[in-house]
Amino acid sequence: MGQEVKFNVNDGVAVITINNPPVNALNAAVRQGLVTAFDDAEANDDVKAIVMFAEGRTFPAGADITEFGKPTVDPWLPDVCNRVEATCKPVVAAVHGTVLGGGFELALAAHYRIADPMTTFGLPEVTLGILPGAGGTQRVPRICGAEAALDLMIAKAPISAAKAVDLGLIDGVSRAHVRDAALDFAHELIGKPNALRPTRERTEGLSDPVGYARAVAAKRQALAGNPLFAPAKIVDCVEAAMLLPFEGGLAFEQAAFEDCLRSDQSAALRHVFFAERKAAKAPEVARAKPRPVEIVGIVGGGTMGSGIAASFLDAGFGVVLVDRDQPMLDTALARIESVFDKAVRKGSITAQMLDERMARLTGDIHYFAVSEADLVIECVIEDMSVKEQVFATLDAVIKPGAILATNTSYLDINTLAAGVAHPENVLGLHFFSPAHVMRLVEVVVGEATEADVVATGFTLAKKLGKIPVRSGVADGFIGNSILAAYRTAADFMLEDGASPYQVDATMRAFGFPMGPYQVLDLAGLDISWARRKRLKSTRDPEMRYIAIGDKMCQKGWLGQKAGRGYYTYADGSRLGVEDPEVLGLIAAERERKGITPRAFGPEEILYRCLSAMVNEGANLVLNKIAQRPSDIDVAMIHGYGFPRWRGGPMKAAELSGLLSLRNQLREFAKEDKFWTPSPLFDEVIKAGHGFDTLNAV
Ligand code: CAA
């Protein structure tokens with residue numbers, strides 16, 4: 001037996017201990033070790049009962065996800081679970097931590113389960129595009145029926161130990177060390193008749209066939225139109241648990257599991273799982289210690305500043321908010337309180353927690369109020385001269401070693417840093433609106449930024465429950481650079497014959513919550529107009545320029561805030577209506593340029609939008625603005641609504657073939673040099689590997 005599974009006998013009870021840090025994932029060595037340990041325990045006449053336990057922070061948190069998609073290694077987890085369940089001596093699982101996926105299924109294969117009261121349980125496989133494939137779809141409903149089983153497998157949220165006891169999935173919780181409690185319980189079982197209680201033989205959950213069938217039908221109906229593949233398969237498996245004998249149900253589950261595992265959705269979702277964790281890794285994080293941060297100063301209490309303040313208050317920090325004058329400050333403070341009010345109404349925090357958060361917030365109209373802050377984030381308007389002025393004022397009041405951050409979406413951090421005494425203390429922390437909700441934070445590293453300042457940015461993002469992505473300095477960093485390329489591709493099509501409504505509908509059908517023109521209306525067309533004006537002097541004159549957005553801005557059609565943009569908005573409505581005058585403006589633009597409009601189908605619209613994103617993403621990796629392609633996927637999923645189950649633009653491109661994409665880009669490039677394929681494509685294609693290899697860094 002290897003080191004991953006240990007076996008010892010304690011007064012007639014065998015303790016089988018799993019030890020595979022960090023999360024005791026059930027990899028091949030653990031599975032093999034478990035089978036050997038159960039064989040040994042069964043063969044040992046001194047052993048009358050068995051306790052299964054795990055060292056470290058958790059009972060197994062699931063199968064080893066890194067093994068999926070690789071050649072399978074015996075024994076499979078379903079066989080291990082069957083082996084555990086078939087043991088001729090009572091088996092008690094002693095569980096703690098996050099008992100998830102295959103780990104929960106392993107516990108369910110034991111005859112009894114005792115849990116630490118803080119344990120959480122879940123079957124989150126659906127988030128990886130798969131289903132519980134080690135008997136979970138068959139054992140869980142046998143204990144707690146279809147409705148609870150389906151909730152557990154499809155609603156994704158983990159449940160508490162108390163809830164698991166209510167559902168009958170756990171036999172009890174113990175405040176004593178869970179292994180000791182399980183040992184006591186196992187001793188009590190010794191010699192008792194009917195001490196063996198295989199879950200496959202349980203029938204409580206199947207006792208109401210009509211209610212069971214109703215729950216299955218209701219879930220199936222609720223899932224109609226859901227683009228995900230795995231949830232419907234889960235419903236089929238849970239239905240099979242009622243209709244088929246246990247072994248037949250297991251075989252059904254296995255086939256469904258393999259279908260899911262082979263799907264592009266699962267490949268994409270597994271990619272995102274690791275990409276999110278990878279994104280939090282940066283060279284500076286590995287080599288430097290973060291600076292301590294307790295008090296955060298925020299300058300500018302608009303939507304962005306207030307949301308960022310709320311985020312820091314949620315995470316337990318003290319916040320000093322500075323705004324221009326008292327009325328603006330009062331509005332900002334009220335805005336922050338209203339965020340917490342909403343949370344109280346939703347039940348996510350208590351009124352007492354609201355008071356406690358507000359007690360950590362102070363407001364002021366003088367910059368020196370941030371003199372005690374360890375970090376100050378400026379969130380003023382997106383104008384370089386205003387930001388430079390704010391930085392200069394802050395530079396005079398902040399304490400030595402304080403970090404100066406900017407929440408700019410586009411502007412050059414190096415220019416801002418050059419204006420202060422300690423450019424090494426400057427970085428970008430680019431939050432997304434609404435900042436207390438959106439999980440992406442781009443940690444923008446300037447030429448002079450010290451490693452410990454970068455490490456602080458990453459640590460803070462994690463403390464806020466956000467997903468940090470490292471970006472170098474580029475106009476728009478990672479996310480907005482890709483957004484700009486996406487919009488350029490869409491604008492080209494607009495001028496060539498597509499309508500904004502067609503483009504939006506296509507991107508929504510792909511899985512974005514909104515199309516690019518709806519987003520423009522929401523954000524305000526003037527923001528991208530300002531960027532275009534700023535970049536005018538450096539624009540490549542050979543590159544095609546679309547003036548539709550500029551013309552709309554000149555007419556005051558700035559989006560929702562103006563009541564009209566690409567859509568019109570009746571008084572205060574957020575639901576836009578298509579606007580024939582916009583189509584007229586586009587038609588006039590085509591005429592002015594002598595363009596004969598042509599038809600665009602959804603396939604072409606989608607292909608061009610995605611290709612533009614991927615090409616820009618490849619250039620960002622090539623130019624070392626992004627560390628790896630998977631960071632781009634994470635940024636687009638968490639900041640821009642790219643459908644998670646498509647894996648992000650880079651993964652989606654890889655799944656559909658980089659060679660054909662490069663070749664198609666070459667064709668498009670004959671129309672305009674915007675489409676020139678990134679040299680990164682040639683690099684990875686020549687090397688015979690895809691983006692995945694670049695994700696290994
Ligand atoms: N397999 C392989 N590696 C895993 C893993 C798993 N199931 N779960 C976590 N890890 C790795 C992470 O990648 C991470 O590695 P790095 O340190 O190299 O980045 C490390 O373990 C720690 O994970 P986190 O950073 O996520 O730690 P955390 O404390 O924030 O969260 C956790 C811990 C709640 C267990 C979280 O890791 C998690 O949700 N894991 C996935 C759980 C899951 O989906 N289980 C089902 C697996 S599929 C299955 O079991 C199929 C089946 O039916 C047979």
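**Exercise 1. The ligand shell**

Which of the 27 residues around the ligand come nearest? Describe the shell and its polar contacts.

*Solution.* The model is a predicted one.

Step 1. Arg57, Gly102, Glu105, Arg277 and Lys281 come nearest to the ligand, out of 27 residues around it.

Step 2. Sort the shell by class.

Step 3. At least two shell residues come from each of β5 (98–100), α3 (101–109) and α10 (264–279).

Step 4. List polar contacts, for which the cut-off is 3.5 Å between N or O atoms. A nitrogen atom of the ligand lies 2.9 Å from a backbone N or O atom of isoleucine 65. An N or O atom in the side chain of arginine 277 is 2.7 Å from a ligand oxygen atom. A ligand oxygen atom also lies 2.6 Å from a polar side-chain atom of lysine 281.

Step 5. Turn to the cover. On its own the ligand has 980 Å² of accessible area, and the protein covers 73% of that.

**Exercise 2. Helix α2**

Is helix α2 (residues 77–85) largely enclosed by the rest of the structure or open? Give the residues and elements involved.

*Solution.* 

Step 1. Find the buried residues of α2. They are Leu77, Pro78, Val80, Cys81, Asn82, Arg83, Val84 and Glu85.

Step 2. Draw the conclusion. Because eight of its nine residues are buried, α2 is largely enclosed by the rest of the structure.

Step 3. Name the cover. The elements over the buried residues of α2 include the helices α1 (28–43), α3, α4 (136–155) and α9 (246–262). The strands β3 (49–54) and β4 (91–95) are also among them.

**Exercise 3. Cysteines**

How many disulfides does the count give?

*Solution.* 

Step 1. Set the cut-off. A disulfide is counted when two cysteine sulfur atoms lie within 2.5 Å.

Step 2. Cysteine 237 counts as buried because its relative accessibility is 0%.

Step 3. State the count. It comes to zero disulfides.

**Exercise 4. Two loop residues**

Where does asparagine 20 lie, and where is lysine 48 found? Describe the surroundings of both.

*Solution.* 

Step 1. Asparagine 20 lies in the loop between β2 (13–18) and α1. Its relative accessible area is 14%, so asparagine 20 is buried.

Step 2. The side chain of asparagine 20 reaches the backbone oxygen of alanine 25 at 2.7 Å. Leaving out residues up to four places away in sequence, asparagine 20 touches Glu4, Ala25, Asn27 and Val30.

Step 3. Lysine 48 is found in the loop between α1 and β3. With a relative accessible area of 42%, lysine 48 is partly exposed.

Step 4. A polar atom of the lysine 48 side chain lies 2.7 Å from the backbone oxygen of aspartate 45. With residues up to four places away in sequence not counted, lysine 48 touches Gly12, Lys89, Pro90 and Ile190.

Step 5. Lysine 48 and methionine 153 are 105 residues apart along the chain, and their C-alpha atoms are separated by 34 Å.

**Exercise 5. Backbone angles**

What is the omega of the peptide bond from aspartate 74 to proline 75?

*Solution.* 

Step 1. Recall the background. Most peptide bonds are trans, and most residues other than glycine have a negative phi.

Step 2. The bond from aspartate 74 to proline 75 has an omega near -10 degrees and is cis. Proline 75 sits in the loop between β3 and α2.

Step 3. The bond from serine 433 to proline 434 is cis, with omega near -10 degrees. Proline 434 sits in the loop between β15 (426–431) and β16 (440–444).

Step 4. Aspartate 11 has a positive phi, near 50 degrees. This residue is in the loop between β1 (5–10) and β2, and aspartate 11 is exposed at 64% relative accessible area.

Step 5. Asparagine 194 has a positive phi, near 55 degrees. Its loop runs between α6 (178–189) and α7 (209–222), and asparagine 194 is exposed at 72% relative accessible area.

Note on methods:
Residues numbered from 1 in each chain as written. Predicted model: local features only at pLDDT ≥ 70, side-chain atom pairs only at ≥ 80, totals over all residues. Heavy atoms only, no water. Near = heavy atom within 4 Å. Polar contact = N/O pair within 3.5 Å; in protein donor to acceptor, adjacent residues only side chain to side chain. Areas by Shrake-Rupley, 256 points an atom, 1.4 Å probe, with all protein chains shown as cover. Helix = DSSP H or I, 4+ residues; strand = E, 2+ residues; numbered from the N terminus. Buried < 20%, exposed > 50% of the residue type's maximum accessible area, 1.4 Å probe, protein only. Contact = heavy atoms within 4.5 Å.
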